[in-house]
Amino acid sequence: MRDSGRYHIIRWNVDFSGYVAADELYDGPFCMLSVVDNRRYKRILYEVLDHDPTHDDIRAFLGRLHTALVARGLTLCGVTTDGSALYPAPLREVFGKVRHQICQFHIVAEVVKAVAGAVASARKGLAAMQPKWPKGRPSTPAAKAAARTKKRLAAQGAALFTHRYLFVQRHLTKTERKTLWRVSRGLPQLYALRAVMDQVYALFDRRCRTQTALAKLAALRRCVQRFKALGDTLKKLFSPSLEKALTFLDDT
């Protein structure tokens, strides 16, 4: 079964903003390709496939969009997609030099996932650091010291789990920052990760122009390179797709 797709053409000439988002949605064996007006939140084109899309499918789908725009005398200013490799080549072939932006949400989600994974690894590290001691009430000074250390590390691990969202939350209150400092005490790499998240969010501040954001990104990458322990965790920051997520900052 394959639906040839339909155009949604209600008031295109009045409402079309010039910016679209293209995406694919999978449901079992089917895949729906869709294009949405990225400023009006209105779907303008879709197609249902009974297989995973290929470059040929995307090329044909974008060709239909191009035909519809030309027929109505409309200009495409920019296209936003996720980081899928399906889109760059067909976009160049169909629309030439039209600007292509990678979705900010997908980029930030990858960094958030990496930071959350680093916090989980730190918790496991605290658990591994807990001293091993025979069961029973500690009686010697060494046993009592080990019991206190084990209790402290277990409490910090539990606090890290409870407040793990503070490492990736966009805005923190003064109280939340104090809590973050408390739960990450003795783990400077985690506090550094929170500082990196603040800078990642600042890249997409609409008051910031594209060139300023690119300069901030270069400074952030230099900072991360100095923290060798963060290299693998934040390798997503060195992906070329991050620059492409800053494409439309100069647009009003």
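Helices (DSSP runs of H or I, at least four residues) and strands (runs of E, at least two) are numbered here from the N terminus. The structure is a predicted model, in which local features need pLDDT of at least 70 and side-chain atom pairs count only at pLDDT 80 or more, whereas totals for chains, interfaces and linings use all residues. Residues are numbered from 1 along each chain as its sequence is written, and side-chain values use heavy atoms, with hydrogens and water left out.

Helix α2 has 17 residues and reaches 24 Å from its first C-alpha to its last, close to the 24 Å expected at 1.5 Å a residue, where the expected span is 1.5 Å times one less than the number of residues in the helix. Its buried residues are D57, I58, F61, L62, R64, L65, A68 and L69, with buried meaning under 20% relative accessible area, exposed over 50% and partly exposed in between (1.4 Å probe, protein chains only). Seen down the axis of α2, these buried residues fall within an arc of 145°, so they line one face of the helix; the arc is that of the directions from the helix axis to the C-beta atoms. The face turned away from the buried side of α2 carries the exposed residues D56, V70 and A71. After α2 comes G73, whose phi is positive, near 65°.

Side chains of opposite charge can pair when their charged atoms come close. A search of the whole structure finds six salt bridges, each defined as a side-chain nitrogen of Lys or Arg within 4 Å of a carboxyl oxygen of Asp or Glu. In one of them, E47 pairs with R64, and the closest N and O atoms are 3.6 Å apart. Because E47 lies in strand β4 (residues 42-49) and R64 in helix α2 (residues 55-71), this pair ties together parts that are 17 residues apart in sequence. E47 is buried, with a relative accessible area of 6%, and R64 also counts as buried, at 19% relative accessibility.

A salt bridge is also formed between the side chains of E93 and R59, at 2.4 Å from N to O. This pair links distant parts of the chain, E93 being in helix α3 (residues 88-95) and R59 in helix α2, 34 residues apart. R59 is partly exposed, with a relative accessible area of 28%. Together with D56, the residues R59 and E93 are linked in a network of salt bridges.

The bridge partner of T81 in β6 is I102. From β5 the chain crosses through α3 to β6, and this β-α-β crossover is right-handed, in that, with the strands pointing away from the viewer, the path from the first strand over the helix to the second runs clockwise. Strand β5 also pairs with strand β2 (residues 19-27), in the parallel sense and over three bridges, and the bridge partner of V20 in β5 is V79.

In the loop between β3 (30-37) and β4, Y41 has a phi near 55°, a positive value in a residue other than glycine. At 72% relative accessibility, Y41 counts as exposed.

Helix α8 has 17 residues and reaches 25 Å from its first C-alpha to its last, close to the 24 Å expected at 1.5 Å a residue. Its buried residues are T210, A213, L217, L220, R221, C223 and V224; seen down the axis of α8, they fall within an arc of 160°, so they line one face of the helix. The exposed residues Q211 and R226 are carried on the face of α8 turned away from its buried side. What covers the buried residues of α8 includes α7 (188-203) and α9. T210, at 11% relative accessibility, counts as buried and, not counting residues up to four places away in sequence, touches L246, T247, L249 and D250, contact meaning heavy atoms within 4.5 Å.

R221 forms a salt bridge with E243, in which the closest N and O atoms are 2.7 Å apart. Distant parts of the chain are linked by this pair, with R221 in helix α8 (residues 210-226) and E243 in helix α9 (residues 241-244), 22 residues apart. R221 counts as buried at 15% relative accessibility, whereas E243, at 29%, counts as partly exposed.

How values were computed
Two strands pair if DSSP finds at least two bridges between them.
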